[in-house]
Amino acid sequence: MTISPIIRVKSPGRICLFGEHQDYLGLPVIATAINRHINFEGQLTTDNFIFFNMPDINETRKVDLADRFEVLQSRDYIASIIRVLRREGVDFHTGCKIEFSGNIPYKAGASSSSAMIVGLIKMFVKLYNFPKDLQPEEIALLAYQAEVVEHGEPGGMMDHYSVSLGHVVHIDTKTYAFEILRDSLDGLVLSNSMVPKEILEVHGRIRPSIERAISVLKKLDQNFSLADLTSEDLPNYYDALPPALIPIFYATVTNHEFTRQALAHMKQDNIDMVEIGNLMNQHHERLRDYLQITVPKINLMVNTALEVGALGAKINGSGGGGTIAILAPGKEQEVIAALDQIGATSYAVISDPGARYV
């Protein structure tokens, strides 16, 4: 038996424009939420369990309110959300039923898991009358704790902040200060390679390498700061690093530089879309050639998009497969048609205002 009105939440996916493999290093990112969503409906019941219906994956789940989830199963985000919210004081005093489905590409680097987690947190705090009016950045922090910290995973907070805050956002991932740069960015296309991404393998290879490089350099200079470097500084450090770490160090520093340059352009009233596209292309080249997080299908998609008129294209997400982000104002349909010919599924997208009640 239901005992409350229906609550509805809409939670978007995201495109990372600049900053792949930067957020967990405390370096800034630029991202945008997009109008591909997970939609939720929830309602309190008199039962002693939470019932989830997930028609997209043809699954249901029943969670007993007595379960404290003292041991988490790998990537059981529903359990970790409940653990985090209980610590924050949410009182799951009665059951509820929640259904969610959506159109964000699944396991493809477009933040479907973060959208699900942000959306469920917003649903729970509303259903159970959490006494504090949580701001989007507070929701993002709770989502980060549920997805990353609780499971000991290696990611950062970019996804949670961009999904929760919405629009085109610059995030300082060292302090998690943020700035909404603009409401939207014209000409975006999200294209799915249909090749599964390999987040844990890629993070497990890239993050320890750059952290090792930082550790080596801090032993030589205790004031060393990755955030302060430019490409001109790089030769000063190569002799101190093992040769295997130099490509990843180079890519990390130059990608940070591209993000800073893009930030300056994004703040202009008349944004130079050609230059934004050029910076996206250079960012992708570093991810492809130095971090080596792409696969042949991704590289073919990027090249195809550029050949038919896109200004910029890059892998979207941690890598190994998944999606690419394309900047192609006025050429969206040509890009989509060309990518369809090589077996990619593509969507023209616009920036989204972020997770919200509807």
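Analyst: **Isoleucine 50 and its surroundings**

Isoleucine 50 has valine 63 of β4 as its bridge partner. The model is a predicted one, in which local features require pLDDT of at least 70 and side-chain atom pairs count only at pLDDT 80 or more, whereas totals for chains, interfaces and linings use all residues. Residues are numbered from 1 along each chain as its sequence is written, and side-chain values rest on heavy atoms, with hydrogens and water left out.

The two strands concerned are β3 (residues 49–54) and β4 (residues 59–64), which run antiparallel and are joined by six bridges. Helices (H or I, at least four residues) and strands (E, at least two) are DSSP runs numbered from the N terminus, and two strands pair if DSSP finds at least two bridges between them. Four residues separate the strands in this hairpin, and among the hairpin's residues asparagine 58 takes a positive phi near 55°. β3 also pairs with β5 (residues 96–102), here in the parallel sense and over four bridges. In that pairing, asparagine 53 has glutamate 99 of β5 as its bridge partner.

Arginine 75, found in the loop between β4 and α1, has a positive phi near 60°. Arginine 75 counts as partly exposed because its relative accessibility is 33%.

The contacts of isoleucine 50 (heavy atoms within 4.5 Å), leaving aside neighbours within four places in sequence, are with Arg61, Lys62, Val63, Leu65, Ile82, Phe92, Cys96, Phe124 and Tyr128. Isoleucine 50 is also one of the members that touch the most other members in the largest nonpolar core, along with Phe52, Ile98 and Phe124; this core has 67 residues. Such a core is a set of buried Ala, Val, Leu, Ile, Met, Phe, Trp, Tyr and Cys residues joined through side-chain atoms within 4.5 Å. Its largest share, ten residues, comes from helix α2 (residues 112–127). Apart from this core lies another, of 38 residues, including Ile214, Leu226, Ile248 and Val335.

Helix α2 is mostly covered, with 14 of its 16 residues buried. From first C-alpha to last, α2 reaches 22 Å, close to the 22 Å expected at 1.5 Å a residue; the expected span is 1.5 Å times one less than the number of residues. Just after α2, asparagine 129 has a positive phi of about 50°.

α2 is also one of the elements against which the buried residues of α4 pack, the others being β1 (7–18), β2 (29–44), α3, β6 (168–172) and β7 (177–182). Eight of the eight residues of α4 are buried, so this helix is largely enclosed by the rest of the structure. These residues are Met158, Asp159, His160, Tyr161, Ser162, Val163, Ser164 and Leu165. Just after α4, glycine 166 takes a positive phi of about 80°.

The packing of α4 (residues 158–165) on α3 (residues 136–149) can be described in more detail: their axes come within 8 Å and cross at roughly 145°. Axes are lines fitted to C-alpha atoms, for helices over the stretch in contact, and angles run from 0 to 180 degrees between N-to-C directions. In α3 the contact is made by Pro136, Glu137, Ile139, Ala140, Ala143, Tyr144, Glu147 and Val148, and in α4 by His160, Tyr161, Ser164 and Leu165.

Definitions and conventions
Buried means under 20% relative accessible area, exposed over 50%, partly exposed in between (1.4 Å probe, protein chains only).
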